[in-house]
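Keep the sequence and the structure in view while reading.

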Amino acid sequence: MHESDDAQLQALKKLLARSRGLEHAPERLLETVFDAFQAPRRAAESQEPPTSLLQRWLAVLSFDDMGTALSPVRAAGPVARRLVFNAGDLDVALSVTPGRQRGSWRIDGQCLGDDGPGHVQLSCGDQRIEAASSPHWEFSLEPVPAGACELVLRTDRWEMTLPPFELPPNG
């Protein structure tokens, strides 16, 4: 091998090594690409979190006396059906009695474990009854028709849905 061949070989090796090296992308292009990937994240971080995040519970029935009086001596007036539901640290006690209107029911209830203003919504068939609770979470709903009923209790912090319960025809 001659020196000129050796010099040419060295020049080709250097040229090949330079061709394999990656060139740095222009700074402006890198900024554009990074901004494109970070824009959704920045948009999400800049938004205020929703103020109406509610803790939602589905209650379970824990007691239903089906209208049987526990003590006939103490039963004054019409026999009431008592139901108790619970979810988390909250209990909902309902008392169902015949309503003032013929064929209707009255539901008196209280949510135990929370104080403050609340709202109650009862759906029975195609009828919807709404009421505000007292500061001690007591409420009354009347007239309530017979049929499958679903009750939802709501505050600005939580919402509880009671499973459907059936009210038989009254009268």
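Two strands count as paired if DSSP finds at least two bridges between them. The model discussed here is predicted. In it, strand β6 (residues 119-124) and strand β9 (residues 147-154) run antiparallel and are joined by six bridges. Strand β6 also runs antiparallel to strand β7 (residues 127-132), again with six bridges. The table gives one facing residue pair for each pairing.

| Strand pair | Bridges | Facing residues |
|---|---|---|
| β6 and β7 | six | Gln121 and Glu130 |
| β6 and β9 | six | His119 and Arg154 |

The hairpin of β6 and β7 has two residues between the strands, and Gly125 in this hairpin takes a positive phi near 60 degrees.

Next comes the core. The largest nonpolar core holds 28 residues, and Leu94, Leu122, Leu141, Val144 and Leu153 touch the most other members. Strand β4 (residues 90-98) supplies the largest share of this core, four residues.

Pro169 lies in the segment after β11 (165-167). Is Pro169 buried or exposed? Pro169 counts as exposed because its relative accessibility is 74%, and the cut-off for exposed is over 50%. Apart from neighbours within four places in sequence, Pro169 is in contact with Trp105 and Ala146. Pro145 is 24 residues from Pro169 in sequence, while the two C-alpha atoms are 7.9 Å apart in space.

Key. Residues numbered from 1 in each chain as written. Predicted model: local features only at pLDDT ≥ 70, side-chain atom pairs only at ≥ 80, totals over all residues. Heavy atoms only, no water. Buried < 20%, exposed > 50% of the residue type's maximum accessible area, 1.4 Å probe, protein only. Contact = heavy atoms within 4.5 Å. Core = buried A, V, L, I, M, F, W, Y, C linked by side-chain atoms within 4.5 Å.
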